Amino acid sequence: MTGNLKAPILCFYGAPGVGKTSLGKSIARALGRKFFKASLGGISDEAEIRGHRRTYVGSMPGRIIAGMKRCGVRNPVFLLDEVDKISQTFKGDPASALLEVLDPEQNFAFNDNYVEEPYDLSDVLFIATANYIENVPAPLRDRLEIIELSSYTELEKIQIAKHFLVKKELKANGMKEDQVIFKDDAIKYIINHYTMEAGVRNLERAIAKIIRKVIVEIFNSGKKKTQKKTIEIKDVKTYLGVELFQELAKEKKHQVGVVTGLAYTQYGGSTLPIEVNYFPGKGNLVLTGKLGDVMKESASIALDYVKANAKRYGIDFKLFQNNDVHIHFPEGAIPKDGPSAGVAITIAIISCFSNKKVSCDVAMTGEVNLRGSALPIGGLREKSLAALRSGIHTIIVPKGNARDVSELPDEVKKNLKIVYMECVDDAMKHALIK
């Protein structure tokens with residue numbers, strides 16, 4: 001006779017809308033188990049997990065026991081949604097109360113204050129979800145098997161829309177599957193001009209809005225309800241109105257002091273142009289673009305590295321003494337932080353002071369240190385997809401990210417030239433126009 005498997009506690013984390021909750025439901029369906037979802041976002045009372053003692057007026061079991069009672073079985077799939085948004089107050093720390101629930105060595109005798117008897121949770125498959133894994137307390141994170149759900153590529157979004165979202169919305173609005181047909185170009189246009197997200201929630205809303213307007217048109221025209229409609233780009237503009245977002249586009253020409261960096265945002269990847277200029281002053285550094293502390297430090301490191309190696313790059317050091325340096329990151333209202341723009345800032349400074357143009361077909365990402373070494377970064381998948389969407393031909397990445405390149409989508413590997421760098425000098429060879 002075999003013992004209990006003690007299934008690992010899974011934790012799906014990723015941007016909103018990438019399908020974490022849906023994946024939990026799919027697992028339950030595949031296993032043939034009952035499914036229960038407990039939304040933990042915003043709870044601040046420990047009694048929500050452990051229950052209230054029966055001496056209190058209005059006492060009741062905690063969400064765990066209440067969920068088990070509703071399922072009526074000992075082995076459901078139990079989804080703990082938004083574990084990164086649990087708050088701590090004078091009423092206790094719910095995240096700490098979850099430690100007993102999610103520890104296979106303890107949860108065979110879970111104590112609920114209302115039940116007052118040990119309850120065996122060892123047969124339950126617990127799945128947690130989170131948007132920001134850093135916000136999950138370390139002791140709780142240690143009990144989880146963390147699986148990242150990255151943002152969807154453009155091709156993936158098109159396929160999801162064609163095979164699932166359109167059918168779902170047609171059914172919800174009482175129409176047959178072939179009554180409204182979306183062309184691939186139309187779906188792509190919606191993705192690039194009306195949504196900016198890692199998942200597909202806004203894409204689903206846009207498709208639903210178009211379908212509802214088509215239904216209104218059919219009723220107002222007095223034609224048969226079986227009338228078919230094919231949605232093209234011109235129809236998208238008619239139904240959804242003015243474009244909300246401009247599609248990513250690279251710089252149109254090679255310029256001095258302008259480098260295309262790559263950024264990782266909550267919506268996925270994005271290109272990040274970095275502009276450097278200098279003017280008479282006292283050697284001060286001016287930074288604009290709503291930057292975080294880490295990014296400000298990266299700019300300072302980049303400038304100090306170029307100053308220390310000015311002679312090697314053919315730059316007169318007096319230029320730094322007699323001028324102020326201004327580094328600007330466009331789209332100034334959007335917050336930016338992180339160290340991954342370090343190499344791009346360094347190249348932009350070298351380009352500006354040596355009066356050499358930077359190729360507009362090249363983008364780069366990587367952290368820089370005071371020795372000019374390129375350190376590995378995160379979010380390479382999203383950054384490379386952003387470069388591909390914007391028309392970039394070559395991306396320069398730290399050699400330490402070589403292991404991540406193997407996991408990039410095939411469309412990126414086929415259409416992008418990926419160059420590795422160990423230091424700033426390696427990036428210069430491919431970025432600066434000779």
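Predicted model: local features only at pLDDT ≥ 70, side-chain atom pairs only at ≥ 80, totals over all residues.
Local features were taken at pLDDT of at least 70 and side-chain atom pairs only at pLDDT 80 or more, while totals for chains, interfaces and linings use all residues. Residues are numbered from 1 along each chain as its sequence is written, and side-chain values use heavy atoms, with hydrogens and water left out.

The protein chain has 16 helices and 20 strands. Helices (H or I, at least four residues) and strands (E, at least two) are DSSP runs, numbered from the N terminus. The C-alpha trace spans about 80 × 65 × 45 Å along its principal axes. Of the 434 residues, 47% are buried, meaning under 20% relative accessible area with a 1.4 Å probe, protein chains only. Contact means heavy atoms within 4.5 Å. Among contacts between residues at least 6 apart in sequence, 75% join residues at least 24 apart.

Five strands form an open sheet in the order E2-E3-E6-E1-E7, with parallel pairing. Two strands pair if DSSP finds at least two bridges between them. Strands E2 (35-39) and E7 (145-148) stand at the edges with a single partner strand each, so one side of each lacks a neighbour in the sheet. Neighbouring strands are turned by 20° against each other on average, direction ignored. Strand E1 (residues 10-13) pairs with E7 over four bridges, in the parallel sense. Leu10 has Glu145 of E7 as its bridge partner.

Helix H1 (residues 20-31) lies across E1, E2, E3 (77-81) and E6 (125-130), and runs at about 165° to E6. Helix H3 (residues 63-71) lies across E2 and E3, at about 155° to E2. Axes are lines fitted to C-alpha atoms, for helices over the stretch in contact, and angles run from 0 to 180 degrees between N-to-C directions.

Helices H6 (residues 154-172) and H8 (residues 201-221) pack at about 45°, with axes 10 Å apart. The contact involves Lys157, Ala161, Leu165, Val166, Lys168, Glu169 and Leu170 of H6. From H8 come Leu203, Glu204, Ile207, Ala208 and Ile211. By class, this contact has eight nonpolar, no polar and four charged residues. Nonpolar covers Ala, Val, Leu, Ile, Met, Phe, Trp, Tyr, Cys and Pro; charged covers Asp, Glu, Lys and Arg; the others, Gly among them, are polar.

Thr260 is placed in strand E11 (residues 258-265). Thr260 is buried, at 6% relative accessible area. Beyond its neighbours within four places in sequence, Thr260 is in contact with Glu251, Thr271, Leu272, Pro273, Val362, Ala363, Met364 and Ile392.

Methods:
Buried < 20%, exposed > 50% of the residue type's maximum accessible area, 1.4 Å probe, protein only.
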